[in-house]
Amino acid sequence: MDNSRLNPEFQKLEVDYLYHLGLDSGMDLPKEFGDVKYVVFTRSFSNADYFANQFAEQFYGLNNLHIQCKTIAKDERYHIYKIANTLIVSHGVGFPSMLICLNEVVKLMWHAQVSDFKFLRLSPGGGVNVADNSVIVATEALNQQFQPLWSNIEFGDYYDYPTPLSAEVANALLAANPNMKLLSGKVMASSCFYNGQARLNGALAVSYDKQQRDDYLNRAYQAGIRGIDMESTCFAAFCNELQIPGGIVIAALADRLKDNDSEPSLMVDSDKLSPALHKAGQVIINYILKNA
């Protein structure tokens with residue numbers, strides 16, 4: 001992380017309250033978090049809970065033993081785990097929840113006196129002309145107009161931020177998983193699950209028909225997009241602004257070009273994640289273990 005790009009105002013506070021995480025700078029954050037090298041973000045409480053258990057079992061070599069990790073700090077907004085040198089955080093759905101999480105995690109890293117770390121993101125999403133349950137390592141994040149930009153309204157004006165992802169991290173994720181069948185490609189992010197992703201099954205009437213939807217998704221495919229989610233551009237833009245190496249692994253649960261506007265449940269049962277998200281999590285685990 002390039003500390004020179006950080007906002008100096010929060011650094012002047014006598015106590016900086018990371019309200020949504022349930023932490024503050026009055027705590028001994030360097031002692032608790034000073035060894036963090038990786039922060040893994042995933043969307044929901046259940047995704048973070050499952051990944052934390054999956055990661056801990058393999059990091060500590062607990063073969064044939066299922067454990068249940070406990071969250072740290074408060075957990076009504078985000079679930080947070082720390083396992084060895086890895087922080088695992090659920091970021092919620094969409095840009096607003098993710099932005100709160102990213103801001104407070106970065107401030108946490110600064111207060112913990114950590115500057116050399118990577119952000120990794122594990123996310124469910126839709127696929128674009130890929131097999132169901134494919135796992136995609138993202139090379140770039142695009143908006144709904146297929147541009148490498150994320151737009152945000154700040155003080156009444158629009159600001160555009162570029163959305164590159166670290167090629168080094170993407171290549172290392174692929175290299176750490178030579179025996180897995182993985183795809184690499186661009187990911188498109190939308191702030192809306194329904195109309196924003198050209199679905200036909202939302203509550204609001206749509207301004208397009210099925211043929212137009214399919215044409216749009218085919219254009220997305222021609223632009224190199226292989227997955228669709230709701231946070232990637234925001235994540236990539238934030239990482240780029242602070243020069244944090246970032247990577248995204250998408251579990252494509254269903255192919256949108258197969259007339260599939262619905263996505264299956266992420267949880268197979270109460271304690272088992274869908275095969276695609278389990279595999280996507282394993283991609284990140286293998287990368288961390290190889291580079292720990």
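Buried means under 20% relative accessible area, exposed means over 50%, and partly exposed lies in between, with a 1.4 Å probe and protein chains only. The model is predicted: local features need pLDDT of at least 70 and side-chain atom pairs pLDDT 80 or more, while totals for chains, interfaces and linings use all residues. Residues are numbered from 1 along each chain as its sequence is written, and side-chain values use heavy atoms, leaving out hydrogens and water.

**Figure 1. The whole protein.** The protein holds eight helices and 14 strands; these are DSSP runs, H or I of at least four residues for helices and E of at least two for strands, numbered from the N terminus. Its radius of gyration is 19 Å, close to the 19 Å that the globule rule gives for 292 residues, so the protein is as compact as a globular protein of that length. The radius is taken over C-alpha atoms, and the rule is 2.2 Å times the number of residues to the power 0.38. The C-alpha trace spans about 55 × 55 × 35 Å along its principal axes. Of the 292 residues, 50% count as buried. Among contacts (heavy atoms within 4.5 Å) between residues at least 6 apart in sequence, 77% join residues at least 24 apart.

Figure 2. Across the whole structure, a search finds 13 aromatic pairs. Phe-55 and Phe-59 form a tilted one, at 5.5 Å centre to centre with 35° between the planes. Rings of Phe, Tyr and Trp (its six-membered ring) pair if their centres lie within 6.5 Å; planes under 30 degrees apart count as stacked, over 60 as edge-to-face and the rest as tilted. Both residues lie in helix α3 (residues 45–59), four residues apart, about one turn of the helix. Phe-55 counts as buried because its relative accessibility is 0%, whereas Phe-59, with a relative accessible area of 27%, is partly exposed.

**Figure 3. Phe-193 and Tyr-194.** Phe-193 and Tyr-194 form an edge-to-face aromatic pair, with 5.0 Å between the centres and 85° between the planes. Phe-193 has 27% relative accessibility and so counts as partly exposed. Tyr-194 also counts as partly exposed, because its relative accessibility is 36%.

**Figure 4. A cluster of Phe rings.** Phe-41, Phe-117, Phe-119 and Phe-235 are linked into a cluster by ring pairs.
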